Amino acid sequence: MKKLKVYVYAISKNESKFVEKYVKSMKEADDIYVFDTGSTDDTVEKLKSLNVHVKEELITPFRFDVARNKSLEMVPKDADICVCTDFDEEFEPGWREKLENVWRKENPTRVEYLYNWSFDTYGNPATTFYMSKIHKRDAYTWYHPVHEVLKCLEEQEKSVVVEGMVLNHHQDVNKKRSSYLPLLEESVKEDPLDDRNMHYLGREYMYYEKWNEAIDTLIRHLNLKSSTWKDERAASMRFIARSYLGLKRPMEAKMWLEQAIKEAPYLREGYVELAGLYYEEKNYEKSYHYLKQASLIKEKPKTYINEDFCWNSYFYDMLSISAYFIGKKEEALENARMAHQLNPLEKRIENNIKLIEEKLKKPEN
């Protein structure tokens, strides 16, 4: 049986602290190729000392798609499988064997695999979805200045899932990402009909508290003909709601959250965010109602849209307090215990449990 040639490729800039772990994680590949866009630390020296192929070049003005394509160009033409990763990502061991088995059987143009994008404070996966940055050598090119995607060059694309293959992301929270906003603005200018980056641009405006720009851009996303994925549409509606909150207009925020629920009733996020608004207003009846609706959704979907606050201690804590204030003390205790289980270091939740237990011991007057 002919051995498949598997190569990893990446871009880098000042990734020194990740180099050793990254290379160790990727060593199951035949070789690693890195295009460095201007490191001023010892990233390049470390990579070369670990026998990684490195090319250095400044890209002005910088674009992620250009950098990705230049790193892909470094990969030998005889590659069977190209694996694109970032320095803050690590594969769980055994990934190559799983990848090869599926590749031989299915002969795809690209594959999907589980991606743990974030973790909670106890190391458990928080946001998980499927990633698909592994592909045939000459079948794809990178597209978009930021939040770049693989664009298939073949007439027919075939994507399959590699079960058990897991990539973990440990984001460098100290790394500046101030270039994302202008790059997203450029991306939307270049391709105003691309729904994905229109959504990302609106979200970025929200992050920067540019409330009116966020609302206008996210409504443009919703009005695009290509905007058909309900999960992302519902997220745009939620971000519009957050922007209206930023403008001190809670009535509009509630309206948009109700729209988000109608758009994607199978996702917890709309219910929980709306419950949060009523909770802040001390309207515990409505808060409890929407949280109970959310609790009927038992499984977290594997989509980047999911938000950890819908599944962690925040959810159960808010449900516990809402239940308590409407007289459902047994249910309040059950959810407080669940919140404590998920966040055992939070003393306030621990104190709430004791308080509710004392209240349940005392007979009602």
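Helix α12 is followed by Gly 327, whose phi is positive, near 90 degrees. Helices here are DSSP runs (H or I, at least four residues) numbered from the N terminus. The structure is a predicted model, in which local features need pLDDT of at least 70 and side-chain atom pairs count only at pLDDT 80 or more, whereas totals for chains, interfaces and linings use all residues. Residues are numbered from 1 along each chain as its sequence is written, and side-chain values use heavy atoms, with hydrogens and water left out.

Helix α12 itself (residues 313–325) has 13 residues and reaches 18 Å from its first C-alpha to its last, close to the 18 Å expected at 1.5 Å a residue; the expected span is 1.5 Å times one less than the number of residues. At the start of α12, the backbone nitrogen of Tyr 314 has a side-chain oxygen of Asn 312 within 3.0 Å. Of the 13 residues of α12, 11 are buried, where buried means under 20% relative accessible area (1.4 Å probe, protein chains only). Among the buried residues are Phe 315, Tyr 316, Met 318 and Leu 319. The cover over the buried residues of α12 includes α10, α11, α13 (329–342) and α14 (347–361).

Aromatic rings were examined next. A pair of aromatic rings is described by the distance of the centres and the angle of the planes. Rings of Phe, Tyr and Trp (its six-membered ring) pair if their centres lie within 6.5 Å; planes under 30 degrees apart count as stacked, over 60 as edge-to-face and the rest as tilted. The structure holds 16 aromatic pairs. One of them, Tyr 278 with Tyr 290, is stacked, at 6.0 Å centre to centre and 5 degrees between the planes. Tyr 278 lies in helix α10 (residues 269–280) and Tyr 290 in helix α11 (residues 284–295), so this pair ties together parts that are 12 residues apart in sequence. Both tyrosines are buried. The ring centres of Phe 315 and Tyr 316 are 5.0 Å apart and the planes stand at 90 degrees, so this pair is edge-to-face.

The largest nonpolar core has 79 residues, and those with the most contacts inside it include Trp 256, Tyr 290 and Phe 315. Such a core is a set of buried Ala, Val, Leu, Ile, Met, Phe, Trp, Tyr and Cys residues joined through side-chain atoms within 4.5 Å. Leaving aside neighbours within four places in sequence, Trp 256 is in contact (heavy atoms within 4.5 Å) with residues including Ile 219, Leu 222 and Ile 240. A second, separate core of 34 residues includes Val 34 and Trp 103.

Notes:
Helix = DSSP H or I, 4+ residues; strand = E, 2+ residues; numbered from the N terminus. Buried < 20%, exposed > 50% of the residue type's maximum accessible area, 1.4 Å probe, protein only. Polar contact = N/O pair within 3.5 Å; in protein donor to acceptor, adjacent residues only side chain to side chain.
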